[in-house]
Amino acid sequence: MSDEDRTNRFYQAISGFVGERRDAKLKGLEGEAAEKLAAKYDYRTWLADAARRVSQIQAVTHVLKATHPDAKGSSLHIPPETLEQRTEVGSHMLGEGFAEDVVGNAAALDVYKLLKLEVDGKRLLDWLQENDSSLLAALDTDESVAQEWAEAFKALVRPPAAPVSHVLAKQVYWCVSGEPTDNAGFQLLQPMFSSSFAHEVHGRINEARFGEGNKEARQAYYKRHEHSTPYVEYRGLAARKLGGTKPQNISQLNSERGGVNYLFASLPPQWRQSSERRLMSSEAVMRHFRRYEGVNGLLKALIKLLKDDPDSTMETRKKREDIERALGESLVAFGCTVRQSREPGWTRDPDCQLVECEQLWLDSERTNLSPRPEYEQDDKAFQQALEWKDWPQEVANRFGSWLNNILHNAGVPVGDTEAAHWARQALVDSDWPSRWRRPAAQVTATQEVSNG
C-alpha cells in the first residue's frame, strides 16, 4: 500500500469519527445555529481543538479517584511489563494487551475515543507514538502543525511531574516490627486501585456470568450432560459501585463498567462444613455416594445393560461384572474419602443420625479417641462393635438394598436374590481394607442375577 493510500485511510477514519459526532449534535437543529455548530466540526478546526483539550485528560493504569472521588493526588501509568514479576495474581500479569484507563475532564473523553480508533490493527495513539508519517500527513498538510498536534496527542500518556498523595487517599499502616504497640514500627502503604486489572477481572467474570459459551456449559452441568468446556462460576461475589450516577467522573473504564467493580469473597470455603452436616442425616450416606466420582454414570450403565436384556453370554456377564466391580471399588474409595476429610470422632456429634454400621465404616478412627466420661459406655460399645466386624456386611447389605431400589425404580425387575448378590459383590469384588474384610468363604454364595 502506498503512503498516499495509507494517508487516505487515516484521513477517512478521522473524518468519519468527526462526522458522526457532528451529525449526532446537529439532530433537530436548523438554520444559523446548525451552521454555527457544524463549523466546530470542520476537520481542521475539530482537530485543533482536540489537540488543545487532550491536556485535560491522562492515560493511566492506576486511578486515585477510585479510592475517594475527592482525592486530589496523582493517578499513575505503570505498564505491566515494568512491574516486578511475582507469583501472586496482580496487574504485573496483564501483558502487552492491557486496557488503558483515562482520567480527567469527562468533557474531553471524545479525544481519547479518537485516539482509540484502530487503523490497520493499531490505535491512532500507537501510530502517533511511532511517528508514522502517513498519519502525520493525514492530520494536516502543514508539517509543523501536524507535528505540534501529534506531540499534544502523544502527551496523553505522561508521568506526573511529581507524584502527589492526598489525605483522602486512604492509607494503610502495616506493622513491620511485630510489635503493634510500637508506633514507630509501621510502614505506611499507599495502595493504588489498578483500574486496568479491575477491568480484566470484570471482563472475565462477566463472560462467566453472561457469556454464551459458559451459559451452554452451565446448562449442560445442571442437566448432567457432557460438555466440551468446563463450567465456570464465581461464588460469593460482591459489587462495589464507584462514582454513583456519574461513573465517568472516576475514569473512562469505570464508566464502561457502569461503575461496577467486583469483589471476591475473602472467606474460607464453607462447603466442607456444609457437606459434613448434610452427611449426618439419616439415609444421607448412599445419597452422597450416588454423587461420588463416576457412580451415577456406572448406575446408568448398569440400568441400560439390564433393561436392554442382552443374551446371556460371557461378554454380557463380563460387562455386568465390570460395572459391579467398579461400583464396589467406588464404595470403598468413598469411605476412604469421607474418613480422610473429617476429624476422627465427627460422628459423636449429637446431630449425627447415621446408623451404627455407617458410623463404624466412616469414622473408624474414633475408636482411637479416649472415651468421653459422660458417654463412656457408648464409646466402649462402639469399640467392641468395630472389633466384631459385623458392620462391613451390614454396610454391604444397605448398599445392596439401595442399588436394588434404584434398579426397581428404573423399571428393572429385581428382588431379594439380586440385593444379596450386589451386597456380596460389594464385599468380595472390591478391595476393602484387609483388617475389615471377611474371608470369601464366609460369604454365603447367592444365585447369580438373571443377565449373564
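**Aromatic pairs**

Guide: Start with Tyr43, which is buried at 14% relative accessibility (buried is under 20% relative accessible area, exposed over 50%, partly exposed in between, with a 1.4 Å probe and protein chains only). The model is predicted: local features need pLDDT of at least 70, side-chain atom pairs count only at pLDDT 80 or more, and totals for chains, interfaces and linings use all residues. Residues are numbered from 1 along each chain as its sequence is written, and side-chain values use heavy atoms, without hydrogens and water.

The structure holds 13 aromatic pairs. Rings of Phe, Tyr and Trp (its six-membered ring) pair if their centres lie within 6.5 Å; planes under 30 degrees apart are stacked, over 60 edge-to-face, the rest tilted. Tyr11 and Tyr43 have ring centres 4.5 Å apart and planes at 35°, so this pair is tilted. Tyr11 sits in helix α1 (residues 3-26) and Tyr43 in helix α3 (residues 43-53), so the pair ties together parts 32 residues apart in sequence. Helices are DSSP runs (H or I, at least four residues), numbered from the N terminus. Tyr11 is partly exposed, at 36% relative accessibility.

Now take Phe399 and Trp402. This pair is also tilted, with 5.8 Å centre to centre and 35° between the planes. Both lie in helix α17 (residues 391-409), three residues apart, so about one helical turn separates them. Phe399 is buried at 3% relative accessibility. Trp402 is buried too, with a relative accessible area of 14%. Ring pairs link Phe399 and Trp402 into a cluster with Phe289, Tyr292, Phe334 and Trp361.

Note on methods: Helices (H or I, at least four residues) and strands (E, at least two) are DSSP runs, numbered from the N terminus.
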